[in-house]
Amino acid sequence: MPFCKTYPTNATLDGQELHLGSAEIEVSDPSGTVFAAPDLIYHYIAAHKYKPPNVFIVAVESR
Ligand SMILES: [Zn+2]
């Protein structure tokens with residue numbers, strides 16, 4: 001797979017333009033376990049079809 005050429009990588013959230021690649025996100029599941037990921041995880045999922053571990057998906061969906 002070739003390297004991604006979409007840099008800088010942006011995303012829009014609630015009408016706000018975000019520049020990804022220099023921050024971390026944290027999400028907790030119902031038991032209180034906190035997961036951390038680079039904010040580029042959004043791009044990895046949307047553009048490259050990355051599938052995070054199921055525990056991470058459960059935490060995101062529980063928000
Ligand atoms: Zn990419």
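**Stop one: the largest pocket**

Sorted by class, the residues lining the largest pocket are nine nonpolar, no polar and three charged. Here Ala, Val, Leu, Ile, Met, Phe, Trp, Tyr, Cys and Pro count as nonpolar, Asp, Glu, Lys and Arg as charged, and the others, Gly among them, as polar.

Before going on, a word on what you're looking at: this is a predicted model, where local features need pLDDT of at least 70, side-chain atom pairs count only at pLDDT 80 or more, and totals for chains, interfaces and linings use all residues. Residues are numbered from 1 along each chain as its sequence is written, and side-chain values use heavy atoms, with hydrogens and water left out.

Now select Ile-25, Glu-26, Val-27, Ile-41, Tyr-42, Ile-45, Pro-52, Phe-56, Ile-57, Val-60, Glu-61 and Arg-63 to see that lining. A pocket is an open set of points on a 1 Å grid over the protein atoms alone, where a 1.4 Å probe fits, with protein on both sides within 12 Å along at least five of seven lines; lining residues have an atom within 4 Å of a point. The space inside the largest pocket comes to about 260 Å³, a volume being the space filled by probe spheres set on the points, which are joined across faces, edges and corners.

Which element gives the largest share of this lining? Colour helix 2: it supplies four residues. Strand 3 (24–28), helix 1 (41–48) and helix 2 (54–61) each supply at least two. Helices (H or I, at least four residues) and strands (E, at least two) are DSSP runs, numbered from the N terminus.

**Stop two: the second largest pocket**

Next, pick Ala-11, Thr-12, Leu-13, Leu-18, Leu-20, Ile-25, Asp-39, Ile-41 and Tyr-42, which line the second largest pocket. Strand 1 (9–13), strand 2 (16–20) and helix 1 each give two or more of these residues, and strand 1 has the largest share, with three. About 220 Å³ of space lies here.

**Stop three: two single residues**

Click on Thr-9 in strand 1.

Draw a line from Ser-28 to Ser-62: they sit 34 residues apart in sequence and 8.5 Å apart in space, C-alpha to C-alpha.
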